[in-house]
Amino acid sequence: VVNGLNGEKANKLENQTVYLKVDVDMSKLRWAAIDGFQGKFDGGGHMIYGITIDEQSNNQGFFGSIENAQIINVDMVDINISALNNVGGLCGHAHNSIIDNCSVSGTVYGIDNIGNLIGRLTNGTVNHCFVRGITIALNDQAGGLIGEFRTLVDESSSSMINCYIRN
């Protein structure tokens with residue numbers, strides 16, 4: 001179980017690959033962010049529709065947090081996410097991870113480190129991604145794509161290539 005269920009520990013899927021094989025409509029379901037993911041998620045170009053998250057906590061998005069992960073070919077459509085810090089449509093906090101060929105449309109709202117794609121990126125790579133939507137931060141560190149983009153000392157650098165915002 002990815003998120004944990006009934007008190008069970010969540011599976012981080014370290015070094016494993018998850019494939020999305022069809023479009024998924026989440027508009028009538030309550031979503032809990034996948035936290036601590038360490039595998040590869042290949043959306044296969046499929047769409048995930050209508051995720052809504054309204055939590056008074058940090059690290060919220062489709063993925064709450066990822067580390068040493070790879071997220072590719074994911075299209076998030078009509079999202080509505082509201083949380084505290086490190087809030088993004090695709091991922092709240094991404095560390096030492098690769099995000100490639102992903103898109104997000106919708107609204108992301110929070111206090112600090114708010115981005116339509118990723119709330120906080122540390123030592124990661126983002127390639128060929130775009131967003132369309134509204135990003136609202138009550139305090140600071142807001143961005144259409146990434147809220148906070150940083151490289152930690154003595155670790156690999158962060159980069160963003162061929163990414164853009166659509167209106």
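A word on conventions before the details. Residues are numbered from 1 along each chain as its sequence is written, and side-chain values use heavy atoms, with hydrogens and water left out. Because the model is predicted, local features need pLDDT of at least 70 and side-chain atom pairs count only at pLDDT 80 or more, whereas totals for chains, interfaces and linings use all residues.

Let me start with the sheet. Strands here are DSSP runs of E with at least two residues, numbered from the N terminus, while helices are runs of H or I with at least four residues. Five strands make up an open sheet in the order β3-β7-β11-β14-β17, with parallel pairing, where two strands count as paired if DSSP finds at least two bridges between them. The edge positions belong to β3 and β17, each of which has a single partner strand, so one side of each is left without a neighbour in the sheet. From one strand to the next the twist averages 5°, taken between axes that are lines fitted to C-alpha atoms (for helices over the stretch in contact), with angles running from 0 to 180 degrees between N-to-C directions.

Now to the charged pairs. Side chains of opposite charge can pair when their charged atoms come close. The model holds three salt bridges, a salt bridge being a side-chain nitrogen of Lys or Arg within 4 Å of a carboxyl oxygen of Asp or Glu. One of them joins R30 and E55, with N to O at 2.6 Å; R30 sits in the loop between β2 (24-25) and β3 (34-37) and E55 in the loop between β6 (52-54) and β7 (63-67), so the pair ties together parts that are 25 residues apart in sequence. In terms of accessibility (buried means under 20% relative accessible area, exposed over 50%, partly exposed in between, with a 1.4 Å probe and protein chains only), R30 is exposed at 66%, and E55 is partly exposed at 23%.

What does R120 form a salt bridge with? The partner of R120 is E148, and the closest N and O atoms are 2.8 Å apart. R120 belongs to strand β14 (residues 118-122) and E148 to strand β17 (residues 146-150), so this pair ties together parts that are 28 residues apart in sequence. E148 also meets R150 in a salt bridge, at 3.2 Å from N to O. Of these residues, E148 counts as buried at 9% relative accessibility, and R150 as partly exposed at 34%. Through shared partners, the salt bridges join R120, E148 and R150 into one network.

The cysteines come next. A disulfide is a covalent bond between the sulfur atoms of two cysteines, and the criterion applied here is a pair of cysteine sulfur atoms within 2.5 Å. The structure holds zero disulfides. For C102, the nearest cysteine sulfur is that of C129, 4.8 Å away, while the sulfur of C129 has its closest cysteine sulfur in C163, at 4.7 Å, too far for a bond. Both C102, with a relative accessible area of 2%, and C129, with 1%, are buried.

On the backbone, most residues other than glycine have a negative phi. N68 has a positive phi near 55°; N68 lies in the loop between β7 and β8 (70-72) and is partly exposed, at 44% relative accessibility. N162 also has a positive phi, about 55°, and is found in the loop between β18 (159-161) and β19 (164-165), where N162 is exposed, with a relative accessible area of 51%.

Finally, the surface. Y109, I134, I136 and L138 form a nonpolar patch with about 360 Å² of accessible area together, the areas coming from the Shrake-Rupley method with a 1.4 Å probe and, for residues, only the protein chains shown counting as cover. Patches are made of residues with over 30% relative accessible area and no salt bridge, like charges being joined within 9 Å and nonpolar side chains (Val, Leu, Ile, Met, Phe, Trp, Tyr) within 5 Å. The largest share of this patch, three residues, comes from strand β16 (residues 130-143). I134 has its place in β16 and is partly exposed, with a relative accessible area of 48%.
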